[in-house]
Amino acid sequence: LGQRGVSVYWPIMAHFGDEFTYISWDYRGFFDSEKPLRARQLAIHVHAEDAMEVLRSAGYESADVMVGHSMGVQVCLETAVLYPESVHSLVLLNGAHGRVFSTC
């Protein structure tokens, strides 16, 4: 999820093999994606909306498992809150600590 390539997920992919579909993308404004015109478009909820757009563009309405690493943990959690019917389970790896959703 939202990683530059899928290398961080190779161990998971190697374990579960080819019977599953793995989808990843570069968050807007990160890695090889274009920077948005407004910094407010770099918010976690926007990345969560992008996650659903990427999933739907790949031909799926839901994910059996959504995996997040680092900032992807917040994106996964927000996606599950915004689209509970579309995210069936989460695997959260090395997320941020503290008040990550606080604006203070």
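Author: Let us begin with accessibility. N94 counts as exposed, at 63% relative accessibility; buried means under 20% relative accessible area, exposed over 50%, and partly exposed in between, with a 1.4 Å probe and protein chains only. This is a predicted model, in which local features need pLDDT of at least 70, side-chain atom pairs count only at pLDDT 80 or more, and totals for chains, interfaces and linings use all residues. Residues are numbered from 1 along each chain as its sequence is written, and side-chain values use heavy atoms, with hydrogens and water left out.

Reader: Where is N94 found?

Author: Helices (H or I, at least four residues) and strands (E, at least two) are DSSP runs, numbered from the N terminus. N94 is found in the segment after β2. Although not a glycine, N94 has a positive phi of about 50°.

Reader: What is the phi of S70?

Author: S70, which is not a glycine either, has a positive phi of about 60°. S70 lies in the loop between β1 (66–69) and α3, and is partly exposed, with a relative accessible area of 36%.

Reader: Is S86 buried or exposed?

Author: S86 is buried, with a relative accessible area of 3%. This residue belongs to the loop between α3 (71–82) and β2 (90–93).

Reader: With which residues is S86 in contact, leaving aside its neighbours within four places in sequence?

Author: Contact means heavy atoms within 4.5 Å. On that basis, S86 is in contact with M52, E61, S62 and A63. For E61, the backbone oxygen lies 3.0 Å from a polar atom of the S86 side chain.

Conventions: A polar contact is a pair of N or O atoms within 3.5 Å; within protein, one must be able to donate a hydrogen and the other to accept it, and residues adjacent in sequence count only if both atoms are side-chain atoms.
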